[in-house]
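I opened my notebook to record, one entry at a time, what I looked up in this structure. The entries go from the whole chain to single residues.

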Amino acid sequence: MALFRVRVAIGNLTQPDRRRELELLVDTRSLFTWVSAPLLEEIGIVPAETSEFQTITGTLIQRRLGYAQVVWNGRTGPIYVVFAEPGDVNVLGVTALENLRVSADPVRQVLVPTVALAV
């Protein structure tokens, strides 16, 4: 899997004018999006719960989770966001990609808009 970066905006769900643009590493192996805790706190995102995560080395860690909005290229979606601590990598996870209705093209290193499937 090729990793690449994209510019997105992360915002407060209840105050959409409070958001920050940043560059995140696209990681389709990460379920959630991870963003620096100070940045999330700066835009008014508050933790809703704490969850356990397993690192690539097998270590279990605890991190806070909150609700945010992700914006890319005119597309917007609600996401769970992890309050990343020093040493954590800031990533755009697969649920954000799904909520934005995009897929990751690792060859061209871009996000590709997709059409959601109906049942």
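**Entry 1: ground rules.** I noted that this is a predicted model, in which local features need pLDDT of at least 70 and side-chain atom pairs count only at pLDDT 80 or more, while totals for chains, interfaces and linings use all residues. I also noted that residues are numbered from 1 along each chain as its sequence is written, and that side-chain values use heavy atoms, with hydrogens and water left out.

**Entry 2: the fold in outline.** I looked up the secondary structure and found two helices and nine strands in the protein chain. Helices (H or I, at least four residues) and strands (E, at least two) are DSSP runs, numbered from the N terminus. Going along the sequence, I wrote down the pattern β-β-β-α-β-β-β-β-α-β-β for the protein chain. The radius of gyration of the protein chain is 14 Å, close to the 14 Å that the globule rule gives for 119 residues, so the chain is as compact as a globular protein of that length. Here the radius is taken over C-alpha atoms, and the globule rule is 2.2 Å times the number of residues to the power 0.38. Along the principal axes, the C-alpha atoms of the protein chain fill a box of roughly 35 × 35 × 30 Å.

**Entry 3: inside and surface.** I looked up burial next, and 41% of the 119 residues of the protein chain count as buried. Buried means under 20% relative accessible area, exposed over 50%, and partly exposed in between (1.4 Å probe, protein chains only). The protein chain exposes about 6,900 Å², of which carbon and sulfur atoms supply 53%; accessible areas come from the Shrake-Rupley method with a 1.4 Å probe, and for residues only the protein chains shown count as cover. For contacts (heavy atoms within 4.5 Å), I noted that residues 24 or more positions apart account for 51% of those in the protein chain with a separation of 6 or more.

**Entry 4: the aromatic rings.** How many aromatic pairs are there? Rings of Phe, Tyr and Trp (its six-membered ring) pair if their centres lie within 6.5 Å, and planes under 30 degrees apart count as stacked, over 60 as edge-to-face and the rest as tilted. By this rule I have four aromatic pairs. One of them is the edge-to-face pair of Phe32 and Phe53, with 6.1 Å centre to centre and 85° between the planes. This pair links distant parts of the chain, as Phe32 is in the loop between β2 (19-26) and β3 (33-36) and Phe53 in strand β4 (residues 47-54), 21 residues apart. Both Phe32 and Phe53 are buried. Phe32 also forms an edge-to-face pair with Tyr80, at 5.4 Å centre to centre and 85° between the planes. Phe32 lies in the loop between β2 and β3 and Tyr80 in strand β6, so this pair ties together parts that are 48 residues apart in sequence. Phe32 has a relative accessible area of 15%, whereas Tyr80 is partly exposed at 24%. I finished the entry with the cluster into which ring pairs link Phe32, Trp34, Phe53, Tyr67 and Tyr80.

Entry 5: Is Val71 buried or exposed? Val71, in strand β5, is buried, with a relative accessible area of 14%. Val71 and Val8 are 63 residues apart in sequence and 5.7 Å apart in space, C-alpha to C-alpha. Not counting residues up to four places away in sequence, Val71 touches Val8, Ala9, Arg19, Thr76 and Leu100. Thr95 sits in helix α2 and is buried as well, with a relative accessible area of 19%. Leaving aside neighbours within four places in sequence, Thr95 is in contact with Leu31 and Phe32.

**Entry 6: two positive phi angles.** I found that Asn73, in the loop between β5 (60-72) and β6 (75-84), has a phi near 50°, a positive value in a residue other than glycine. Asn73 is exposed, with a relative accessible area of 60%. Arg101, which is not a glycine either, has a positive phi of about 60° and lies in the loop between α2 (94-100) and β8 (102-105). Arg101 is partly exposed, with a relative accessible area of 33%.
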